[in-house]
Amino acid sequence: MKRELRSNFRPGSSLWAVRRAQWKALGLSDEDMEKPKIAVVNSSSELAICFSHLDDVAETVKQSIRDAGGLPFEIRTTAPSDFIFCAGGGGGYILSSRDLIVNDIEVAVEGAQLDGMVCLSSCDKTPPAHLMAAARLDLPTILMVCGYQPSGEYRGEPMDIEEVFIRSADALRGTISVAEIGAMADNAVRGPGVCSGMGTANSMHVVAEALGMSLPGGAPVLANSPRMTEYARRTGERIVGMVLEDLRPRQILTPAAFRNAVSAVLASSGSINTVKHLQATATEGELDIDVFALFEELSQTVPMLTAVRPNGDSTIEEFEAAGGARAILKRLEPLLGREALTVTGRTVGETLAEYEPPEAEVIRPLDRPVTTEAPIVIMRGSLAPESAIVKLGAREVARKRTFSGPAVVCDEGNAAMATVIEGRVKPGDVLVVRGGGLKGGPGMAGRASMVAFLLYSAGLENEVALVTDGQLSGLVNKGLVVGEVSPESAVGGPLALVRDGDRISIDVEARTVDLDVDPEELATRAAELGEPQLPKSRGYLGLYQRTVQPMSTGAVLGRDE
């Protein structure tokens, strides 16, 4: 039976007539106008290498859609690269761009009443934006993982852009020369695609596959490789089938799917940013799912099965060769919700039944994990009543799990950077960096990650704890760093009340972060501060500041009740 398509309007109606006029002028035939109309969501840009190859990917997907009997329409969104967009707004355009993309997609796809979409997912903010848009619009959607960049070498050692980012702290401190960091940068990237470690981009690609929102076997993949091109072809073919079957994201994005995705993140030691991105997807889909609680629960039982750089010594190329996300899911199969549906139209259990991963030490079996210690820990306490987050890597067995010390307070990231560079933070201190939250940044601006890297560079990562309401890069995985403290200081969270010398206690095993100050004293300080006054922001960041919701929602845009 032929499915009625929402993109086809009643012949003779005004909408039918004006669309016909537009599309006939584009060279479309009467037959074309009866086909499933598929958006190919492309963030191609000449600003960043992450997106520079997407036009070619789009052409492959579009031709495959045509061959399968569909009609593709390419639409464009903003193309946020963290390493490019961080230059302005104190870094606030990075996270905030995620929600701009969601709305870009809604305007184009919903406005034109298209029937489905393929989203070309690349750098950090595009995969979560695509998942959020899919959940919001609930139209047949596939995320197409567009691959990681080939990295280089420097002095015989692997060198990638993530290492350049971390080592730039050494240049700021003057322990390596400008010429040396420049030479590292010149040799770090050898082609298009996302950063080559298990940072946020590759973590979110794993998430897309684990959720069932991308075709199995595509995460990670080397950008522009024959395997990626074939993956693009199959994606274009499959989206037409999804539209005809009316298979929609909310049939796929079930509680079981989210449990599977969280399990995959924990097993692969993925980026902490997956937590808020998964929560935002659930929120946009109007799903009653608490992703923070899922991480708390599943971290007790899901072991870490691989340690890809920067978590360990394995490379993303080795992870791909070992089977990538699909192999992780196969190893986790006894712990998964095998009944969860995928974009293939089959369940996770059905797709895994036909797959056997290669034997490779890069991805360990369940009974011989890299570690049983959770790589992502959700924290709470008097300093973080709603939540905070800690990332533990796999490199350091001797990393401190408890810490208690006097606070050294900085009201913004640049001041904190200067404090470290000038040696004003000492072993035993807890460095507090506030004002970098969702509304205070706005957009979680504030350079918190660079503060952490400066501590690494100074050899203080195990001697100084860092507590911040700012966002942390997926590369921050040394020492004891408590990020995304919520509620943030700008809205009157306890972080706003901390003063130099106050004792802060952190216990990762107990999952607590506490401010050891008498409640009456804190009440006095709160009265002295009065009502929180947000920093003034204009333009898009001002709009974001006024509408962004708390971290418990995944930091989606909305309206304060």
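Helices and strands here are DSSP runs, numbered from the N terminus. By that numbering, Pro442 sits in the loop between strand S10 (430-433) and helix H18 (448-457). The model is predicted.

**Cis peptide bonds**

- Most residues other than glycine have a negative phi, and most peptide bonds are trans.
- Gly441 and Pro442 are joined by a cis peptide bond, with omega about -20°.
- Another cis peptide bond links Ala219 to Pro220, with omega about -10°.
- Pro220 belongs to the loop between helix H8 (200-211) and helix H9 (226-245).

- Arg155 is not a glycine, yet its phi is positive, at about 55°.
- The loop between strand S5 (152-154) and strand S6 (157-159) holds Arg155.
- Arg155 counts as exposed because its relative accessibility is 66%, and the cut-off for exposed is over 50%.
- Arg511 is not a glycine either, and its phi is positive at about 60°.
- Arg511 lies in the loop between strand S13 (503-507) and strand S14 (512-515).
- Arg511 has a relative accessible area of 19%, so it counts as buried; the limit is under 20%.

- Ser7 is in the segment before helix H1 (14-25).
- Ser7 is at 2% relative accessibility and therefore counts as buried.
- The Ser7 side chain makes a polar contact of 2.6 Å with the side chain of Asp115.
- A polar contact of 3.2 Å runs between the side chains of Ser7 and Lys37.
- Leaving out residues up to four places away in sequence, Ser7 touches Arg19, Lys35, Lys37, Gln113 and Asp115.

**Ser14 in helix H1**

- Ser14 is placed in helix H1.
- Ser14 has a relative accessible area of 58%, so it is exposed.
- Ser14 and Ala257 are 243 residues apart along the chain, and their C-alpha atoms are separated by 42 Å.

- Helix H12 (residues 273-284) has twelve residues, which should span 16 Å at 1.5 Å a residue.
- The buried residues of H12 are Asn273, Thr274, Val275, Lys276, His277, Leu278, Gln279, Ala280, Thr281, Ala282 and Glu284.

**H11 against H12**

- The axes of helix H11 (residues 255-268) and H12 come within 11 Å and cross at roughly 170°.
- H11 and H12 are therefore roughly antiparallel to each other; the cut-off for that term is over 145 degrees.
- From H11, the residues in contact are Phe258, Ala261, Val262 and Val265; in H12 they meet Thr274, Leu278, Thr281 and Ala282.
- The contact of H11 with H12 has six nonpolar, two polar and no charged residues.

**H4 against H20**

- The axes of helix H4 (residues 93-112) and helix H20 (residues 539-547) come within 11 Å, crossing at roughly 75°.
- That angle makes H4 roughly perpendicular to H20, a term that covers 65 to 115 degrees.
- H4 supplies Tyr93, Leu95, Ser96, Asp99 and Leu100, which meet Tyr540, Leu541 and Tyr544 in H20.
- By class, the residues of the contact of H4 with H20 are six nonpolar, one polar and one charged.

**Leu100 within H4**

- Leu100 has its place in helix H4.
- Leu100 is at 31% relative accessibility and so counts as partly exposed.
- Beyond its neighbours within four places in sequence, Leu100 is in contact with Thr78 and Tyr540.
- The C-alpha atoms of Leu100 and Ala374 are separated by 32 Å, and the two residues are 274 apart along the chain.

Conventions
Residues numbered from 1 in each chain as written. Predicted model: local features only at pLDDT ≥ 70, side-chain atom pairs only at ≥ 80, totals over all residues. Heavy atoms only, no water. Helix = DSSP H or I, 4+ residues; strand = E, 2+ residues; numbered from the N terminus. Buried < 20%, exposed > 50% of the residue type's maximum accessible area, 1.4 Å probe, protein only. Polar contact = N/O pair within 3.5 Å; in protein donor to acceptor, adjacent residues only side chain to side chain. Contact = heavy atoms within 4.5 Å. Axes fitted to C-alpha atoms, helices over the stretch in contact; angles between N-to-C directions. Parallel < 35°, antiparallel > 145°, perpendicular 65-115°, else oblique. Nonpolar A, V, L, I, M, F, W, Y, C, P; charged D, E, K, R; others polar. Expected span 1.5 Å × (residues − 1).
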